[in-house]
Structures are given as C-alpha cells and as structure tokens.
Amino acid sequence: MLSIAIPIAGVLLAFVLGDRYVRLVAFAMVPLELAITVTIVAAVPHSTGPLVYLLGAWPPPLGVALRADGLSAVMLAATAVVISAVAVYAGAEFSVTTTKARAPFVFWILLLAVWAALNAIFVGGDLFTLYVALELLTFAAVPLVSLDGRPETLRAAIRYLLFALLGSVLYLLGTALLYGLHATLDIVLLSHRIGAEPASLVAAALMTSGLLAKTALFPLHLWLPPAHAGAPAAASAILSGLVVKGSFFIIVRLWFQVMPGLPGFAATQLLAALAAAAIVFGSVLALRQERLKLLIAYSTLAQIGYLFLMFPLAFNGSGHLESGGALAGGLLQAASHATAKAAMFMAAGSIYAGLGHDRITGLGGIARVLPLSVLTFAFAGIALIGVQPSGASLAKDLLLQAAAERQQWWWVVVLQAGGVFTAAYVLLVLAHALAPPDKPVVLTGPAPRLRDVAALVLALCSLLLGLVPWEPYLPVPYISPPDLSGLGTLSKSLLPVLGGVVLAILLSPWPHPFASSVRWKVAIGALNRFRRGCCAFSSYVDRGNGVLCEWPAASTCLLMLALLFSVLMLVAA
C-alpha cells in the first residue's frame, strides 16, 4: 500500500507547496519509495505466498486485495531503478530556474503519478483496480509528450490519448462481461471460476486487444513514434522504458493467471506472429531514421515484440500457459529493456543538448567531446543485443531453451534474427559517432556530468542483470553460469555483430561515415545491386508504416485483432 501512497502523497504535497518546492518534494519521495521497494523485494522470497494487503480489511469479492509476488517484485524494482535514474538526469533540465516556468512543475508531478500508477498495476489484485491504475498511467503519460507546448507535440499527445482511450474502451467492455458472468473481478477468485464460455473468451479477446493498443505492439503503434519525436529525453525514457510495461504486465496477469487454460495454441501463435512482425518492421524503420531519437523510438517498437515471444513458448501440451522458463524470460526481457532503453533516450538527450541536433549523419566526432553519452548508448545497445552477462542474454537463453522444449524452431529463428537487427541499428549509430568529423565539433550547451553518470549507471544495470540471482522471484530453470571467456560466448557475441554490420550496410539509405575510403568503395561495389534492392524493400516498409499510422488503418487493425482473437479462442474451446 505504501508503494502507491507515497508517490500520491508527493503529488498532493507538491500541489500544496507550489512550483518552488516541487523538485525538492520529488527528490524527498524517491529515497522513501526506494526503501519501500527494497523492503517488498526482500520480503517476497521469505513469504510462503504473495504478500497480501486488504484495503479496509475487507476480503474479496467484497473488498480489494493488493498482492505482491515475484513478478511484482521484479517490475517494482526495475521501475524504482529507472525512475530514480531519470530523476537524477532531469534534475538540471527541469529546475525552477528553467525559462518555461510550468514545465518543471508538471514534469515532477507526472513523474510521481506515473510511479504510483505503475506500482498499483504491479500489485493490483483485481481487474478493475488494474483498469483504474492503467487510466491513471495514461493520463499521467500523455502530458509528458507535450511538455514544451508546441503544436506538433500537442497533436502527438492527443493522438496518444485518443488511441489509448480506444484501448481502454475495449478493456472495460471485457471486464464488464467477466463481472456479469462471474460476479467478481478478483484475479484469484476469477481464475477458479472462469471457464471456456463464449462470453469469457470474447471478454479476454477484447481486453487483450485493448491492452495491445496501449502497449503499441505492431500494427497498433499509431501513437508511439510521434510521441517520442518531440518529448523531452527524460519523458521519452519514462514512456519507452516504463509506461508500455504497465499494459504488458496486465496481459501477463490476464493470460497466465486469470485464464491460463483458455487462449489456445492458435491465439498464442498469433500474438507471437505480431511480435515477430514488430521486430522486423521496427528494426527496418529504425535503420531508415535520420534522427537518433526516432531511431530509438522505432527500436522500441521492435523490442516490444521481444516481450510477446514468450506466450507460445509457455504453452504446454495440455493446453495451458505454464509459469516456467518462458515466463521468466519475458519478464527478464521487460526489465532489461526498461533499463537499457531509458539509458538510450537519456544518452540521446545529452547528445541533442550538446550538439543542438540529433541527426545521425551529423554525429561525427561526438565520441571525443561527449564520451560518456556515446559509452552509455554503446553499453545499452550491447545489452539489448544480448551479449553476456546482460539481462537480455539470459532472457534469450531462457526463451531458446523453451523453444527447444516445445519444438517450435521458428521462434528460434526470430530470436536470433532479432539480435542481428538490434546490432544493425546500434552499430550504425556508433559508426557515425566514432567517425572523424568534417569540421571541429563545438558544443552548443553545457554537458552536466551527473546526468551522464546517471544514464551510464542505468546502462550498466541492464548489462549486468544476467548476474543477478533471479530464482527467488522468477521460475528460472537451471542454466549454466555464463563463461565470459569461452569461445562459445565469443561466437554468440560476434555473429549478431557481423550480421548487424551487413544489415546496416544493406538497409540504411544514408551515406556511410567511411564511404569515401577505397576499401569501402570496393566492398560496396560488389553489393551495390543487392543493396539497391534492400533499400527499395525498406522504402516499401516505410510507406506501409505511413499507412498503418493513419487513423482508419490503425482503428481497423484494432477491431480486426479483437475479432481474430475472439475467433481463435472460440475455435480452441
């Protein structure tokens, strides 16, 4: 309860004290909330079951229960680490001395509100409480997009709000159906009562589709790129690293705990097929971006796909989703993505503040003048590629092991291809950043060391997550400890990198930083015809994205997915 109450108390106190003290209030709440999170994380392994708090001492179905289990503990910890780092990073940008007087006040209020909403989602024990928390998260996240008040950012915020509300309507329709059928929305009670009734399956399909819209899984990513294009770096770190995890976590609760026996094999395969499409589509679009921030935004679209690959791999032979290695891999991927992607956006923000722009082709020489920012981006990228001992590496191993056990080799191909695509856009940025500049690089603004250190620490957290003992919190099967000096580890790291180099050359339409060298001209001459074909393919993907990001196509996709999930679940029943 305190994990939700403390940030809300901070919001109310900030309103009372006003603009001058809002940052002090936020910085006072951060260590308190960290201490509460550490207490919960430490208590979960020593409990025989979930930690339960009954609001008003009324048990379900009359009352509301808050429950913290291992899944909750992992996400609570990841959220606390990311928001603490973002708060340190944003300390200089959103201070009371900022020229835009209201922006700092709004940012710190929204930061605490997002924290409270996410914690409520992670410990919420019934579907309506999750709905309320999800709406609080949406209404706190939307203004982060338009903090500067420019017309284009206001349009992006309204687009985000309206599409998120469409998802909310579908989710609420599903919860109403379930309540009408079973007279409760408590997760534990509902899991014992729910069956394969057509109305329950339709409700699950509606709720899943609505949550996918809020998570921005392909092709429901209408709001994601515009939201990141003009948002401040600290806001983008929160949106990409944390906000999309709220709706993803509710899908995990819904599919694994409320109805583990209902979705059916075909529905899980559809969900993962959307994930695979997101990985390819998002990665190709990332390679076509001129701006660093938009590249990271489209890489978020790709990385969101990784989160949903666990669903078919957790589907066992008896027709149930089991809490095994696939579930652990999905949650580890979520935590690793949260820390790495937030660090990436923070590094991009520092680069933009230093150069006055974030054009990828104009990053030459930036590694010399902003080494910590480039190092942060490199570490975060390496973590996302899945190099040991990162959290993404452990997550990938768990998912590959589950794929071998389920004999679903096609997801092995997707997992391996995802690492190559990730390496492609990470190496593309680093190649430009490490290239010699055409003229001396002059910084247009100061480069505060503290915020660069905060981003670097966050990237290192993602890079070292694989060394954390996860067994008390997640159903992690035994995997031999990583041998960081072995040939197997070296080959696992080098193959995605080499493949990424090839993809970056073939799919990126922008001039390569070493294009003037003789060796480059010889190498590219042999691939020129093939490269033209690949660039044509990526341009078609770009045009398709333009269609999908229009309201008619996005709304149609949302309704079609709700219908398709309903049909597949009804057929499986």
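Helices α11 (residues 265-287) and α22 (residues 551-572) pack with their axes 8 Å apart, at an angle of about 150°. That makes the pair roughly antiparallel (angles over 145 degrees count as such). This is a predicted model: local features need pLDDT of at least 70, side-chain atom pairs count only at pLDDT 80 or more, and totals for chains, interfaces and linings use all residues. Residues are numbered from 1 along each chain as its sequence is written, and side-chain values use heavy atoms, with hydrogens and water left out.

**The α11 and α22 packing**
- From α11, A266, A267, L270, L271 and L274 meet L561, L564, F565, L568 and M569 of α22 (contact means heavy atoms within 4.5 Å).
- The residues of this contact split into 10 nonpolar, no polar and no charged.
- As background, an α-helix has 3.6 residues a turn, so residues three or four places apart point the same way.

**Helix α3**
- Helix α3 (residues 70-93) has 24 residues and should span 34 Å at 1.5 Å a residue, which agrees with the 35 Å between its end C-alpha atoms (the expected span is 1.5 Å times one less than the number of residues).
- In α3, 19 of the 24 residues are buried, so the helix is largely enclosed by the rest of the structure (buried means under 20% relative accessible area, with a 1.4 Å probe and protein chains only).
- D69 caps the N-terminal end of α3, with a side-chain oxygen 3.3 Å from the backbone nitrogen of L71.

**N545**
- N545 sits in helix α21 (residues 518-548) and is buried, at a relative accessible area of 5%.
- Leaving aside residues up to four places away in sequence, N545 touches H221, F281, L285 and Y298.

Methods
Helix = DSSP H or I, 4+ residues; strand = E, 2+ residues; numbered from the N terminus. Buried < 20%, exposed > 50% of the residue type's maximum accessible area, 1.4 Å probe, protein only. Polar contact = N/O pair within 3.5 Å; in protein donor to acceptor, adjacent residues only side chain to side chain. Axes fitted to C-alpha atoms, helices over the stretch in contact; angles between N-to-C directions. Parallel < 35°, antiparallel > 145°, perpendicular 65-115°, else oblique. Nonpolar A, V, L, I, M, F, W, Y, C, P; charged D, E, K, R; others polar.
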